Amino acid sequence: MIQYELNCNFPNQHYIQFKAIFPVNESVTILKLSVWRPGRYELGNFAKNIRNFRVYSSQNKSIEFKKIDKSSWEIHSENESEIFIEYEYFASELNAGSSFLDETQLYVNPVNCIFYSDNSKDEEYCLKLNIPSNWEIATSLKIEDSSLLASNYEELVDSPFICSHDLAKETYEVEQIKFHIWFNKQKFIDWDRLKKDFVRFTQKQIQAFGHFPANEFHFLIHSLPYAAYHGVEHLNSTVITLGPSYDIFGSQYNELLGVSSHELYHVWNVKSIRPKEMYPYNFEKENYSSLGYVYEGVTTYMGDLYLLKSGVFNLSTYLNELSKQLQKHFDNSGRYNYSVAQSSFDTWLDGYVQGAPGRKVSIYTEGCLLAFVADIMIRKAAQNKFGIEEVMKRLYVDIAQQEKGYEQADYKRILEDVSGLCFDDYFENYINGTRPYDELVMNALNYLGLELVQKPSSLYSESKLGFKVLSKGKNFLVQAIHPQSPAASGGLSLGDEIFAVNDIRLNGDLNQWLQYFDSEQKSLSLSREGRIMNITLTSSVNFYYFDYKILLSNLITGDQMNNLRYWGEEGIDF
Ligand SMILES: [Zn+2]
């Protein structure tokens, strides 16, 4: 067994103090820290947060060690049966995948900060937590006294925990499985409404797969005082950050439902149904996979769709969410340059930042829309008997439950078996290619009696000049430029900070002044890389950025209505 002790001596400095005892049986032991965390397919290099690492023997004698790469420590362990290590971890970041310590809480994602060796991966871990006696512990791990127990490294690093004096918990049960909802620091909680909604989408998801991969499940929700929206999936829990707290049961409630349903779906799709390249996870390096359109795309699509199918969302709420994905799709010219499969491979390069403009696409957005297209292709062919949920069920039963990883060929074969259709074109041109698939989306919408309404953006800068901005005080930062627009040909650059139009100092009113000078040339005063300059833009008769919205057609036929009901189930209540 590997014994760990965690101390929080100087919480305001955000350093967690670790002590550990590793059993050893070789003359050289290599202790490693993971370089990434499951759920985020890019390098995290958590070793950058380690300070004061030292090793000593059972006689308290210093043992020599050296680092042999950025995340591995080589230790001379001859003549020892166990080694003692000490180090500190800088836990100052609070998101759904990080670790954080302050005076009020200890929140740990063990993959950030717990060591392993190749020989010790199957050993049990015991983490003794030295925390204030009035703090509770929220986790899916087994708790004995104030110690957490994990049967091996993989279980431990997929089981985050929150210790705090401000935890609230309620439990609900579906199919004899207990689901625990924890909130950290949320004053007002509408438990009745929350549990009713959670029961509904949980039931629908379990029904679709016929089995839940874990014995119980924990939603660990951090309520934050500032705007936040992030979730990370784990084997039998999820960590979610949301904020600001006063909005969680107000305007953010649909986001809470959306992220929770998405993370629950991941228990099957990625924690169980896992790409071959990640089965098992390799914590030492990148786990490249082109299948992000399945593990994030299908999850994005199904997470929201189960809210509709279970009646938690009505059709108009659901269509708002799907419209947002289409909006992101059309706004990103990267779709002409890089496929969703290539973009998935490259999450390890720059998957979580905007990066070079027009270079790549989102596995969430394109994966969701292509999952929608596949779902409707199947429904059409199977006369609404089933859709993509049947494909995911077979991936789960035929591959995941047989303890295997899947490949693109497996996904394609099952899509074809379930639908009786050929998916060559779908994979060649749309998953692995960059051919526009707008028409496929329109056809799928039409099958359900839905239509896409496209209007020029109501913002002058977007529709007539072709650039998007973010406000910064009274000024505006350029966030996106349409490649064929007056903004592009007129010399505007990403990151430009616009502060005047035709010599009028802006006061948070860029679009009002652009509209005012509609028929004239517009001289923009801006700051770029520390220099002040002017550029002149002329509006053209064309429109560049549009607003997209999916609506129920007024002319919906009986057949379309029927298709819509099979697809949306309890959410279609008219
Ligand atoms: Zn996800």
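This is a predicted model: local features need pLDDT of at least 70, side-chain atom pairs count only at pLDDT 80 or more; totals for chains, interfaces and linings use all residues.
Residues count from 1 along each chain as its sequence is written, and side-chain values use heavy atoms, with hydrogens and water left out. Local features need pLDDT of at least 70 and side-chain atom pairs count only at pLDDT 80 or more, while totals for chains, interfaces and linings use all residues.

Let's start at the metal. The zinc ion is held by His 262 (NE2), His 266 (NE2) and Glu 296 (OE) at 2.1 Å; donors here are N, O and S atoms within 2.8 Å of the metal (3.2 Å for Na, K and Ca), and since water is not among the atoms, sites may look incomplete. Along the chain, the donors are spaced H-x3-H-x29-E. His 262 belongs to helix 3 (residues 253-268) and Glu 296 to helix 4 (residues 292-309), so this pair ties together parts 34 residues apart in sequence. Helices are DSSP runs (H or I, at least four residues), as are strands (E, at least two), numbered from the N terminus. His 262 is buried at 13% relative accessible area, and Glu 296 is buried at 1%; buried means under 20%, exposed over 50%, partly exposed in between (1.4 Å probe, protein chains only).

On to the cysteines. The whole structure has 0 disulfides, meaning pairs of cysteine sulfur atoms within 2.5 Å. For Cys 113, the nearest cysteine sulfur is that of Cys 8, 11 Å away. Cys 113 is buried at 0%, whereas Cys 422 is exposed at 51%.

Last stop: helix 12 (residues 438-447), where Val 441, Ala 444, Leu 445 and Tyr 447 are buried. Viewed down the axis, the buried residues of helix 12 fall within an arc of 155°, so they line one face; the arc is taken from the directions from the helix axis to the C-beta atoms. Just after helix 12, Gly 449 has a positive phi of about 75°.
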